Amino acid sequence: MKAAIVGGGVIGGGWAARFLLNGWDVAVFDPDPQARRRIGEVLDGARRALPALYDAALPPEGRLTYEDGMDRAVAGADWVQESVPERLDLKHRILGQLTELAPEAAIIGSSTSGFRPSELTAEGARAIVAHPFNPVYLLPLVELVGGAEACARAADLLRGIGMYPLTLRKEIDAHIADRLLEAIWREALWLVTDGIATTDEIDEAIRQGFGLRWAQMGLFETYRIAGGEAGMAHFMEQFGPALAWPWTKLTDVPAFTPELVATIAAQSDAQSGHLSIRALERLRDDNLVAMLRALKRTGSGAGGTILGHEATLSPPEEVDGLPVTFRAQVPSSWTDYNGHMNETHYLEAAGRASDRFMALVGADADYIAGGLSYFTVESHVRYLDEVLAGDRLTVTTQVLSGAGKKLHLFHRLARGDGTLAATVETLLLHVDLETRRSCDPALQVTEAVARHARAHEGRPAEGAGRFTGQR
Ligand SMILES: NC(=O)C1=CN([C@@H]2O[C@H](COP(=O)(O)OP(=O)(O)OC[C@H]3O[C@@H](n4cnc5c(N)ncnc54)[C@H](O)[C@@H]3O)[C@@H](O)[C@H]2O)C=CC1
Ligand SMILES: C[N+](C)(C)CC(=O)CC(=O)[O-]
């Protein structure tokens, strides 16, 4: 599949990374000579962050090209994404050209934050709104607005690259999410204009409180809980009248005077000026990855989207007759000051492989919820070779023995070129989660472990049984 990215700034660069890391070829058209450098830096950030969301390897990266003509960029494209600055005259010109040049079957999406599809297509262009969120390579949401057939096709393609398409029922200025964001931004500008709060204080009000709630439950689910046992109707009755009180400036926007711009810029410098934009992006991405991984545990919000995408990435398979229990593309955040994967992540990969093996033998989430599980009681890691950022790790799991409460596993961590990078020998004990004591597994788990043990019987496991410091 091929995507053409027209306009390679903040958002075009993010789109390029999202497509590329999901295996699409990407051609970029942007007349700015700096675009190539900027996209390179966005890609570095995406390679650091996106693979860390998944317990499975993303497809091999596609091919990235920079074209000096729009015609060459869009030739053979399945998706064309316009991300030029937010000016209607410019969008009309570019979308008109893209409609003439792009293959007829290609989706033409516009990243516009505010224009309606009827405005974008008023001069005859064929396009839908495909409005993403920064950073496009990590945040799943894309708002789709426009023709039903094109939006349905676009939604399928977006799901394939791990995104969450939200198709609007009707077009509206600024779609759904930017209506909400602009309302908050407007109120924040009033708070600064009126000398009530600084940019830093407003950010603390968000990140120390309600910002934490929104990523996992949104607005309405959060307020349902706030209504207590009496629920949403009670919440509405209690707080609805407050909307009519003069709590907010509602739709008035403070005048964008040079003084207001200078005040906000100075406060923002005082707040974050000690960090470069790239450093802030890395901080943002590392935090987002940690939060998204937490949401994956419960399948809440964007965590559910990642789980759904992950299921399409890792079909059950075997290598050399052993189950593949973990696959991942090594994110650069896993590397350390020596320029290779840090020792902790060998154990992390093995830990995830043990989890997967447990699920394979029926000790899955439902089993654990029923009060039974395995605890790891011993592990021995042999570090055999370096693993670098971008390497594709494959972990296979061999059962050394599996009778009764004990489950003795041997994980092999191989790099993408097949080189054995590490072995991790692990002993797990089956436990009753209520008494916290070991006990025999349920019959179906005992039988499944035994099936694997029989299949792996007699197979050599070089390095198994070694102890630290052994010659
Ligand atoms: N920055 C943000 O947070 C978000 C922006 N958007 C939307 O994405 C679009 C792009 O915004 P940004 O990436 O922020 O802007 P930007 O200013 O970072 O990038 C725009 C890019 O378009 C290029 N460009 C200008 N004229 C061009 C032309 N004739 N042909 C090809 N490329 C051209 C520029 O060289 C620049 O690299 C806008 O419609 C904006 O509303 C959507 C979501 C979030
Ligand atoms: C500020 N903005 C209107 C360009 C923001 C967006 O469109 C979405 C985002 O990423 O916040």
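Which of the 22 residues around ligand 1 come nearest? They are D30, R38, E86, K91 and S113.

## Basis

This is a predicted model, in which local features need pLDDT of at least 70, side-chain atom pairs count only at pLDDT 80 or more, and totals for chains, interfaces and linings use all residues; side-chain values use heavy atoms, with hydrogens and water left out. Residues are numbered from 1 along each chain as its sequence is written, while chains are lettered from A and ligands numbered from 1 in the order in which they are written.

## Ligand 1

A residue belongs to a shell if one of its heavy atoms lies within 4 Å of the molecule. By class, the shell around ligand 1 holds 9 nonpolar, 8 polar and 5 charged residues (nonpolar: Ala, Val, Leu, Ile, Met, Phe, Trp, Tyr, Cys and Pro; charged: Asp, Glu, Lys and Arg; polar: the others, Gly among them). Helices α1 and α4 (88–101) each supply at least two residues of this shell; helices (H or I, at least four residues) and strands (E, at least two) are DSSP runs, numbered from the N terminus.

Backbone atoms approach oxygen atoms of ligand 1 at 3.1 Å from V10, 3.4 Å from V84 and 3.5 Å from G9. Ligand 1 taken alone exposes 830 Å², of which the protein buries 75% (Shrake-Rupley method, 1.4 Å probe).

## Ligand 2

The residues surrounding ligand 2 are S113, H131, F133, N134, D178, L181 and E182. They divide into 2 nonpolar, 3 polar and 2 charged. Helix α7 (residues 177–193) gives the largest share, 3 residues. Domain 1 (2–175) and domain 2 (178–274) both contribute to the shell, so ligand 2 lies between them; the domain bounds come from an automatic or database assignment.

Oxygen atoms of ligand 2 lie 2.7 Å from a polar side-chain atom of H131 and 2.9 Å from one of S113. A polar backbone atom of N134 is 3.0 Å from a ligand 2 oxygen. Alone, ligand 2 exposes 320 Å², and the protein buries 58% of that.

## Annotated segment

An unreviewed UniProt entry lists residues 176–242 as "domain: 3-hydroxyacyl-CoA dehydrogenase C-terminal"; such annotations may be inferred rather than shown by experiment. Over residues 176–242 the chain is 78% helix and 0% strand, with its end C-alpha atoms 23 Å apart.

## Aromatic pairs

The whole structure contains 9 aromatic pairs (Phe, Tyr or Trp rings, the six-membered one for Trp, with centres within 6.5 Å; planes under 30 degrees apart are stacked, over 60 edge-to-face, the rest tilted). The ring centres of W15 and W79 are 6.2 Å apart and their planes meet at 35°, so this pair is tilted. W15 sits in helix α1 (residues 10–21) and W79 in strand β4 (residues 79–82), 64 residues apart, so the pair links distant parts of the chain.

Key. A polar contact is a pair of N or O atoms within 3.5 Å; within protein, one must be able to donate a hydrogen and the other to accept it, and residues adjacent in sequence count only if both atoms are side-chain atoms.
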